[in-house]
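Let's take a look at a protein model together. Have the sequence and the 3D view ready as you read.

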Amino acid sequence: MMMSVDTDLLRVLADPLRLRIVTLLAEETLCSTHLIEETGARQTNLSNHLRVLREAGVVETEPCGRFTYYRLKPDVLASLAGQFADLAETARATAENNVKRSCP
């Protein structure tokens, strides 16, 4: 049985700045001003990356006055981790059972 990993989500998280944003948001909810300070990214660049993360369902927003706070959605990452865990278990079983396709 072929296991599948969410490749769209992997592409989203493969960008170094987006991965840094996710790492920061895992520790606390931050506004874009905080994220600019922490990452050194320009505001427009950061906004574009946050949009991608929002559209992928990785982060959610919380308006607070004139600021918008960003919060990581841990279930999305947990789901991806579960997909990798399933893939690892399949690989383990394949290795233990010496499963290989015979050559023609």
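Cys31 is buried, since its relative accessible area is 4% (buried means under 20%, exposed over 50%, partly exposed in between, using a 1.4 Å probe and protein chains only). Keep in mind that this is a predicted model, where local features need pLDDT of at least 70, side-chain atom pairs count only at pLDDT 80 or more, and totals for chains, interfaces and linings use all residues. Residues are numbered from 1 along each chain as its sequence is written, and side-chain values use heavy atoms, leaving out hydrogens and water.

| Cys31 | 4% (buried) | Cys64, 9.0 Å |

How many disulfides does a search of the whole structure find? It finds zero, a disulfide being a pair of cysteine sulfur atoms within 2.5 Å.

Now for the sheet. It is open, with three antiparallel strands in the order β1-β3-β2; strands are DSSP runs of E with at least two residues, helices are runs of H or I with at least four, and both are numbered from the N terminus. Two strands pair if DSSP finds at least two bridges between them. β1 (30–31) and β2 (59–64) each have a single partner strand, so one side of each has no neighbour in the sheet. Six bridges link β2 with β3 (residues 67–72), and Cys64 sits opposite Phe67 in β3.

Finally, Leu87 belongs to helix α5 (residues 74–96) and is partly exposed at 35% relative accessibility. Just after α5, Asn98 has a positive phi of about 50°.
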